[in-house]
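I opened this notebook to keep track of what I looked up, one topic at a time.

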Amino acid sequence: MEPRKTAYEILYRVFYEHGFASLLMREIKMDQPSMAFVSQLVYGTIRNRSLLEYQWKDLVRKTRSRAEVLLDMACYELYFMSSPSYAVLNEVVSLAPKKDRAFINAVLRQVSNRQLQQPHDPSISCSMPEWIIRLWNAHYGECRCNQLLQIFQTPAGVYGRWNPIKAEKQQLSELDHYTWLDEWSFSSDIPIQKTRDFLNGRVVIQNPSSLLPVMMMDVKPGMKVLDTCASPGTKTQMMAVLMENTGSITACDLYEHRLSLIDHLMEKTGVKIVETMVADGTKLAQEHVESFDRVLCDVPCSGLGDLRHKPEIRWHLTPDDMDEIILIQQQILQTSSCYVRNGGKLVYSTCTLNNRENGKQIRDFLKNHPEFELMEEKTVFPDEIHDGFYAACMVKKERDMIE
């Protein structure tokens, strides 16, 4: 399939069928230059959707959904890529249904003859729904909100994390293509997923932000640990590393096919202490009550801290979705708290930037659970390296302390 046609089909599925670009891109079989072209066109169009629509909306009265996708992606190429305008117009018009070709050709010819128009409205210039902007303004203030709008318009980097079960850090440090960010994480001059280190399990791909809840867990060798929402398993793997591959970790997920991702990662990285289990995190398993030294709840969330990796979330998510997400989080947190031994720790985390899913969720939980005490909480705001993340660590008091 031609690159522009591939991008067009992906974008239509993202915008009108709630598809995710990263998953759809995996289905493509193309040479590397074509893949790079498709990736830039797809992600650039998703990130700038409102701004791109602004370039042609004043020239039309009514459009069909497929025509809108073609106009958006054509505008992205015209304004943000180095493609010749005649090539863009010719190929995009050829992709349109015959009844739309003359219309799309006429609109794009007018667009190509004028400069990129930059509106003052941030919901258009930064292509972010107004309700998300209002949420961030209310929760974090205008200055932080503006920073978020800017950072989420930039592509995300890919970062690796050292796996000491399979590799000595000294070996990895001698490789010129790695640049170390801290004790665990690094960037790479070549795609990490193509390196022998990744293929052999000596390193894993993991953003440094997602190490936050793992470090809060304060796991020790020999402990009994529960990871309630574990797939794809990178946090599980890191806990096994910190436990020196001793003790036990029960890694759960709602869907069996997602457990295979965890199993594969553990085998690849040399982890021996993880048992996977299909489990609904909202349903109590009586046999596991007060059985674990540490419990991690990396709960499903709105994903508003991960918009650089998944920019389409902004177009998929609605305010009405929040109530359902928050209820599920409450249920998982409530259920998971039952599994913590006295003196044990419960860590709650999300990859979102929304106080209702983060700090307020924890405050509400603590009001109803005096047996738990908040030890630490932190919000990581995204920057050039880090994704947005939140984590809170609570300790379950000994019974005599409660009484």
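**Ground rules.** I am working with a predicted model, in which local features need pLDDT of at least 70 and side-chain atom pairs count only at pLDDT 80 or more, while totals for chains, interfaces and linings use all residues. I number residues from 1 along each chain as its sequence is written, and side-chain values use heavy atoms, with hydrogens and water left out.

**Cysteines.** I searched the whole structure for disulfides (pairs of cysteine sulfur atoms within 2.5 Å) and found zero. For Cys301, which is in no disulfide, I noted that the nearest cysteine sulfur belongs to Cys351 and is 3.5 Å away. Cys393 is in no disulfide either, and its nearest cysteine sulfur, that of Cys297, is 11 Å away. I then looked up accessibility, where buried means under 20% relative accessible area, exposed over 50%, and partly exposed in between (1.4 Å probe, protein chains only). Cys301 is partly exposed because its relative accessibility is 21%, whereas Cys393 is buried at 3%.

**Ser210.** I placed Ser210 in the loop between strand E4 (203–205) and helix H13 (212–217); helices (H or I, at least four residues) and strands (E, at least two) are DSSP runs, numbered from the N terminus. With a relative accessible area of 9%, Ser210 is buried. Its side chain reaches the backbone oxygen of Asn207 at 2.9 Å. Setting aside neighbours within four places in sequence, I found Ser210 in contact (heavy atoms within 4.5 Å) with Lys235 and Phe389.

**Asp387.** This residue sits in the loop between strand E10 (372–380) and strand E11 (389–396), and Asp387 counts as buried because its relative accessibility is 8%. I noted a polar contact of 3.1 Å between the side chains of Asp387 and His309; the term means a pair of N or O atoms within 3.5 Å, where within protein one must be able to donate a hydrogen and the other to accept it, and residues adjacent in sequence count only if both atoms are side-chain atoms. Beyond four places in sequence, the contacts of Asp387 include Asn207, Ser209 and Gly305.

**Backbone angles.** Most residues other than glycine have a negative phi, and most peptide bonds are trans. I recorded a cis peptide bond between Ser231 and Pro232, with omega about 5°. Ser127, not a glycine, has a positive phi of about 50°, and is buried at 0% relative accessibility. Glu244 also has a positive phi, near 55°, but Glu244 is exposed at 59%.
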